[in-house]
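User: Please take a close look at one part of this model, the nonpolar core, and then relate the surrounding elements to that picture in one connected account.

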Amino acid sequence: LNTGDLALALAVLKMPHVHPSVQQYTLVIKICARQERWFEPLRILRDMRARGATPDLVAYTAVMDCCAKAGQWEAALTLIPEMESAGLRPDRVAYNTAIDACAKGGQWERALEILKGMEEPNLVSYNSALDSCAKGGRWREAMDLLEERQAQARKGGKMKKQQERKSSSSSSSSSSSSSSNSSSSSNSTAGVRSGVKAAVWP
């Protein structure tokens, strides 16, 4: 969509007889992100609540992305507590978007705070935090993050190997148990057949 189409879409959302779904609102928000327009999405969130279309996690994260792309890190971060107040739990994508907003806004300390507060940061989380440190000239912090990421990767690799071994061991035990049960079943069947023959032909 071009600027004119976006203006039309925003106008349609405001029509009193039109009742867009949360997904339709979110689509317009994402279009705003492509054009780095961040103020309209914040207004859309307010309109959604006022008109009974409760924003979900995807809608909030899309607005955060708009703010991040426009360099509005403060507006992006205010949405985290707003999500929580609405009974939503920000997921990894939401936190990664918040870190990206901080990186684009030159807020490396805030980016690191968010990263440390995450339960399961992934490669995207670390890359965004590293970007914020690089832009802020914080090379020591960046090196610490690299070491932390490598340590987690090694730990994850060890856990994966342990799980594979357990899975392999369980499969072997199951196979052995199945063979034993099959043998016992065969013996029992043979015994039943012998008993039947003995009963019929004394």
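Analyst: In this predicted model, the largest nonpolar core holds 49 residues, of which I44, M48 and L145 touch the most other members. Helix α4, residues 57-69, gives the most to this core, with nine residues. Taking L145 as a point of entry, and leaving aside its neighbours within four places in sequence, one finds it in contact with L112, L115, Y126, A129, L130 and C133. As a general background, nonpolar side chains tend to be buried together in soluble globular proteins.

Burial can also be followed along helix α2, where V22, Y25, T26, V28, I29, I31, C32 and A33 are buried. The geometry of this helix is consistent with its length, because at 1.5 Å a residue the 13 residues of α2 (residues 22-34) should span 18 Å, and the end C-alpha atoms are 19 Å apart, which agrees. Just after α2, E36 takes a positive phi of about 55°.

A contrasting site is R89, which lies in the loop between α5 (73-85) and α6 (92-104). R89 is exposed, since its relative accessible area is 62%, where the cut-off for exposed is over 50%. With L57, the separation is 32 residues in sequence but 7.9 Å in space, C-alpha to C-alpha, whereas with E119 the side chain of R89 makes a polar contact, side chain to side chain, at 2.8 Å.

Definitions and conventions. Residues numbered from 1 in each chain as written. Predicted model: local features only at pLDDT ≥ 70, side-chain atom pairs only at ≥ 80, totals over all residues. Heavy atoms only, no water. Helix = DSSP H or I, 4+ residues; strand = E, 2+ residues; numbered from the N terminus. Expected span 1.5 Å × (residues − 1). Buried < 20%, exposed > 50% of the residue type's maximum accessible area, 1.4 Å probe, protein only. Polar contact = N/O pair within 3.5 Å; in protein donor to acceptor, adjacent residues only side chain to side chain. Core = buried A, V, L, I, M, F, W, Y, C linked by side-chain atoms within 4.5 Å. Contact = heavy atoms within 4.5 Å.
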